[in-house]
Amino acid sequence: MQTPDQPVARIENVSHTYKDVRALDGVSLDIPAGRMVGVLGPDGVGKSTLFGLIAGARKLQTGHLEVLGADMASARERMRVGPRIAYMPQGLGKNLYQELSIAENLDFFGKLFGQNTAERKARVDRLTKATGLNPFLGRPAGKLSGGMKQKLGLCCALIHDPDLLILDEPTTGVDPLSRRQFWELIAAIRAERPGMSVLVSTAYMDEAEAFDWLVAMDGGRVLATGTPAELKSRTKSKDIETAFVRLMPDATAGGKGRLRIPPFKERDGEPAIVANGLTRRFGDFTAVDEVSFEIQRGEIFGFLGSNGCGKTTTMKMLTGLLPASAGEAFLFGKPADANDLETRKRVGFMSQSFSLYGELTVAQNLKLHARLFHLEPERADQRIDELVDRFGLRQDMDALAEALPLGMRQRLSLAVAIIHEPEMLILDEPTSGVDPLARDEFWELLIALSREEGVTIFISTHFMNEAMRCDRISLMHAGKVLVYDTPKDLIRKSKVANLEEAFIGYIEGAMGDDAQTETDALTVLRDAPDQPSTDQEQMEVGRWTFRPGRALAFSYREMMEVLRDPVRLAFAFVGTMVLLLIMAFGISQDVDDLTFAALDLDQTPASRDYLRNYSGSRYFIEKPEIRSKDELERRLKSGDVTLAIEIPPGFGRNLARSANPQISAWIDGANTMRAATIEGYVAGGHNRFLSDVARATGLDAEAGRHAVIEPRYRYNPSFESIYAMGPSIQAMLLLLFPAILMAVSVAREKEIGTITNFYVTPTSRLEFLLGKQMPYIAIGMVNFVMLTLLIVFALQVPLKGSFMTLTLGAFLYLAASTGYGLLISTLTKSQVAAVFAAAILSLLPTIQFSGMIQPVSTLEGGARIMGTLWPTTYYMHLSVGAFTKGLGFRELIPDLIALAAFIPVFTAAAVALLRKQEP
Amino acid sequence: MRTWSNIFWLGTKELRSVFRDVIMVALIVWSFSFSITERSRGIGETVNNASIAFVDEDHSALSAKLRNAFYPPFFKVPEVIKPSEVDHAMDQSRYIFVVVIPPNFEADVRRNRQPTIQLNIDATAVNQASIGAQYIQNILTDEVNHFARRSDIETVEPVGLVIRRAFNPNGTQAWFTAIVSMLDQLSLLTILLTGAALIREREHGTIEHLLVMPLTSFQIAMSKVWANGLVILVAFVLSMNLVVAGMLDVPIAGSRLLLLSGTVIYLFAAAAIGIFLGTIARTMAQFALLLLMIIMPMMMLSGGISPIESQPEIVQPFTWLLPSRHYMAFAQAIVFRGADLEIVWPDLVRIAGLGAVFFTLSLMLFRRSISVSR
């Protein structure tokens with residue numbers, strides 16, 4: 001354990017850059033140990049980057065960073081110290097697995113730290129009792145409220161008794177009651193483990209008052225450090241928020257006074273928005289429960305509540321994005337209707353997540369929306385000009401929207417939302433994550449819109465000081481509107497000091513006894529005996545370390561997730577079976593039912609005899625006779641016939657005279673493969689005629705031959721393509737489906753953010769990859785058995801060879817194909833890219849170069865190389881061998897070896913390319 | 001008028017998105033160049049490089065002559081193996097064909113005893129096996145006859161047969177493969193690009209933003225169709241001129257303008273399928289699986305790998321629903337047969353009709369799919 005006077009983290013001149021954005025700019029800082037240290041600052045100032053670096057989740061670029069005495073640039077030291085750090089990333093439940101229950105989530109983290117079943121059970125029990133989550137152990141994390149998610153995240157972080165707890169904005173978007181409980185919980189834990197250092201960031205300045213030591217950051221630099229009291233006295237401010245604003249480098253920042261809001265004057269006329277018993281259910285979950293309110297024209301109406309309480313859903317129903325399950329909503333006296341384009345023109349909307357096009361510049365975004373709202377070109381230019389000045393966007397006109405700081409982006413969003421001068425604005429948490437200064441500027445714009453232009457504003461927020469600026473607010477919790485009134489009246493009626501207290505009072509009232517049990521639970525923690533800490537040695541991890549327990553923890557978790565997405569499984573299983581049936585029957589290389597027609601210019605019995613050799617054949621379907629050379633050309637051209645036989649005039653006479661008449665056969669040569677087959681058929685038909693002629697003249701045609709060639713069609717005497725197609729298509733399906741499923745899986749974790757758990761827990765790359773791979777191999781094996789049964793029973797292709805060998809081959813093959821998926825997945829950042837790359841790169845070699853259409857040995861150049869270096873080639877060979885050739889283990893050894901050789905190659909490449917840290 | 005202006009402006013945004021995505025552009029370039037050339041050049045002539053072995057129990061001048069009749073590029077240089085090796089070698093797929101020449105073969109031919117040559121064919125390599133077997137039989141018969149008569153004089157058959165291949169007189173396989181692989185890439189990339197554009201927009205939440213503006217689902221869907229279709233169309237034109245006609249020397253018999261117009265119709269249909277899949281799939285993973293389910297039959301059952309008329313009756317109605325099948329017929333007719341509008345219009349009507357069906361279906365599902373996704 002650290003001695004209190006030694007810093008828990010020593011940061012020296014650390015900088016961090018993403019592409020061309022500088023997130024951290026030469027930060028030097030010593031973070032004292034054993035204290036609750038708060039890092040303050042708006043979004044995008046580098047807080048999260050700094051935390052990621054300290055947690056070891058991000059790769060250190062420049063500078064020196066020592067955490068708990070370990071140099072974080074060294075992989076070995078990082079691995080050594082990793083288990084003593086716990087990291088909870090920003091975002092509600094960001095590192096939780098939404099499909100898994102509370103108990104399963106906690107169990108998973110316990111397994112990663114090598115805890116045995118008994119220990120895990122004891123720890124889970126104690127933590128969930130302390131946090132009041134115990135009654136909900138079986139509930140999926142995705143269905144928890146924001147506050148509960150954060151508590152669960154905290155439990156997951158605390159499961160291994162860390163010495164340093166890093167919490168990145170743990171209370172953003174959480175209702176005030178849960179927020180208060182969360183801090184009480186942290187206090188209780190610190191009381192129990194006084195040696196533990198806590199590093200926390202927050203956007204709520206009032207929370208910062210309670211921290212031991214503060215770091216104020218802006219623009220990737222540290223502005224100031226010290227205790228809250230020190231900071232306040234240094235800036236001569238009454239509260240931290242003011243202190244922070246005064247610390248900002250811009251001199252103008254401090255100069256601005258408080259916002260002034262002219263009083264709201266009630267207008268005549270019908271209300272702008274009326275909601276009447278609005279209800280929305282998702283399955284058995286009621287997101288919005290009988291919500292009713294009225295909003296007057298020109299009013300600023302605040303919608304207050306935590307994340308997930310139904311604010312966004314209500315707004316979506318008002319805009320017509322979501323149909324209501326029950327109740328009704330009226331905008332300007334007309335029912336909210338998704339198809340009512342006229343009403344939509346009168347409304348501006350700004351959604352919670354940034355909803356502009358990041359890949360467009362500021363000017364392009366504005367122009368696009370002006371066009372979409374059909375502003376006259378001159379009017380549009382004028383309006384854009386006006387807005388750009390008013391919103392201070394002038395100098396950023398050519399910057400990409402995604403490159404703007406959050407505050408600027410929100411201003412751009414608002415500009416876009418009002419470009420068509422709407423009468424009503426619906427804004428869903430527009431200021432979330434924006435720094436206090438930018439928030440005030442944003443509000444200035446809103447107030448001007450409301451008071452000067454009479455725009456009705458319906459805004460949701462979780463900032464109490466913003467709520468105070470609204471004319472009226474409604475408090476929403478768990479899908480219900482608890483109360484709505486002016487902020488002042490709410491405070492007065494609840495007889496409390498501020499809005500937050502009033503809100504907490506209402507929530508407690510709504511929850512009844514539940515709230516009480518949670519606070520009681522805190523005592524559990526204090527009484528609990530100290531647990532023996534897990535063996536440190538066991539947690540040391542290198543790149544190639546492999547502990548089956550940890551890998552299995554990943555497998556189990558992945559399996560649970562897949563099983564809870566039955567649609568994916570159904571697509572995989574039913575999809576492959578349907579495809580097998582359609583394609584095995586459909587791809588028939590038995591060329592028959594070819595259309596042919598004759599141009600018989602002779603019309604004698606002899607010419608009709610000749611043609612009978614074709615019309616009687618099972619390969620040909622006769623079409624109406626051709627009458628002229630022109631017609632022959634035209635019908636070949638139109639694809640009406642693929643073969644035309646031209647019999648010259650005088651054919652019969654010349655034949656009788658032995659004058660050697662010539663027959664012409666015209667074949668549609670567009671499809672070369674088919675043309676070659678037809679050539680063979682034509683030659684066969686012609687020869688039959690010749691033998692008949694010879695026989696008629698008393699000669700035995702057979703006697704004229706000098707040798708007999710006896711073809712033996714081995715393995716497939718009836719020469720039906722299904723015997724080759726069935727097994728070949730199985731080979732294709734067992735590559736493509738598992739590879740795509742696998743490719744999405746790692747990319748998905750990267751996109752959602754759960755990959756952080758791999759970064760910060762003592763999990764080796766091999767454990768992570770193999771752990772994720774195993775369930776997909778298992779799914780593939782089930783699929784293999786299903787397809788094999790289908791081939792044998794539905795396609796009637798008997799399995800003549802060794803089933804055991806085929807199974808072994810399938811196992812190796814699936815390990816290779818999922819390995820390919822893993823490789824693609826480690827290379828790509830998003831699911832889209834993973835799908836694109838996995839599909840485009842694998843379809844060609846799998847379908848074309850693996851021997852289904854042409855044996856690999858007959859290919860040339862790049863195709864040959866790709867075919868040789870692709871696992872499908874060997875499994876297809878093995879599968880056809882086992883099914884149709886009736887081969888056993890000994891004969892198939894070369895294929896098995898080739899398949900096995902792919903596994904380490906793909907896996908090694910994936911391990912080498914997978915990063916254990918974020919760049 | 002407003003509708004079309006909206007569609008136009010939304011589409012320009014799509015175009016910007018595509019060109020900002022470097023990986024996407026790289027994959028499109030790869031698909032329309034390298035993967036077409038490799039496939040066309042890689043899969044050689046109808047019978048190409050076929051592996052063949054001889055079991056020569058005769059060791060005569062004639063048997064050596066027979067062996068020498070097989071040479072590249074159609075066949076590999078024949079190898080001589082022992083009789084005991086035949087089964088094992090064929091099991092291992094070392095040879096597609098094994099010719100067994102019996103003892104005393106040459107002597108028997110001289111004495112007119114009609115000795116038997118055995119031709120073993122690996123019938124699991126269906127395509128090569130059937131065409132190759134015919135070639136081999138013809139070559140062997142010619143050589144033996146020639147030897148027996150000891151002259152180059154052809155016996156005159158009572159009726160002569162002249163086989164002419166229309167549209168591709170030399171039977172150059174690469175022509176056909178080039179067109180087929182072009183169509184495969186066209187289908188794959190159009191569906192992928194359009195579907196992914198929709199899903200990505202939904203995942204980023206920007207689709208909701210569009211839906212609260214005075215825009216209809218039709219406008220949103222249509223803008224994706226034209227913009228992504230245009231990207232692929234440009235790739236198609238470049239690839240057709242530079243790669244297919246340029247590098248691979250495929251002559252285009254018919255009107256290029258007609259080919260282009262037909263392709264535009266097909267791109268609409270393929271993009272409509274992309275949008276349709278995008279509205280059904282909830283997640284990218286589901287979209288990927290759906291894509292496989294639709295693209296594999298499109299690639300394999302549209303007539304590029306096996307002729308449509310050879311498909312069994314049960315499968316044909318399914319493949320009729322694939323716009324790619326009709327487009328394949330259309331493209332072949334234009335490129336090889338030089339067909340004109342009078343001939344191909346039914347195909348175009350079918351493609352457009354199927355496209356309209358998929359497009360209408362996706363519009364019906366559009367809003368619903370957004371609202372369920374929360």
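Q: What makes 55% of the 374 residues of chain B count as buried?
A: A residue is called buried if 20 or more other C-beta atoms, placed from the backbone, lie within 10 Å of its own, exposed if 12 or fewer do, and partly exposed in between. Of the 374 residues of chain B, 55% count as buried. This is a predicted model, in which local features need pLDDT of at least 70 and side-chain atom pairs count only at pLDDT 80 or more, while totals for chains, interfaces and linings use all residues. Residues are numbered from 1 along each chain as its sequence is written, and chains are lettered from A and ligands numbered from 1 in the order in which they are written.

Q: Why is chain B called more spread out than a compact globule?
A: The radius of gyration is taken over C-alpha atoms, and the globule rule is 2.2 Å times the number of residues to the power 0.38. For 374 residues this rule gives 21 Å, whereas the radius of gyration of chain B is 27 Å, well over that value, so chain B is more spread out than a compact globule. The C-alpha trace of chain B spans about 95 × 45 × 40 Å along its principal axes.

Q: How do you know where the domains of chain B lie?
A: Domain bounds come from an automatic or database domain assignment, and here chain B is divided into domain 1 (2-43 + 172-372) and domain 2 (52-149). The C-alpha centres of these two domains of chain B lie 47 Å apart.

Q: What makes residues of chain A and chain B count as being in contact?
A: Two residues are in contact if their C-beta atoms, placed from the backbone, lie within 7 Å. By this test, 123 residues of chain A are in contact with 122 residues of chain B. Helix α26 (residues 672-696) of chain A gives the largest share of the side of chain A that touches chain B, 13 residues.

Q: How do you know that strand β25 of chain A and strand β4 of chain B pair?
A: Strands (E, at least two residues) are DSSP runs, numbered from the N terminus, as are helices (H or I, at least four). Two strands pair if DSSP finds at least two bridges between them. Strand β25 (residues 708-714) of chain A and strand β4 (residues 116-122) of chain B have 7 bridges, and they pair in the parallel sense. Within this pair of strands, A:Pro711 stands opposite B:Leu119.

Q: What joins β14(A) to strand β15 of chain A?
A: Strand β15 (residues 334-335) of chain A runs antiparallel to β14(A), and 2 bridges join them. The two strands, β14(A) and β15(A), form a hairpin with 2 residues between them.
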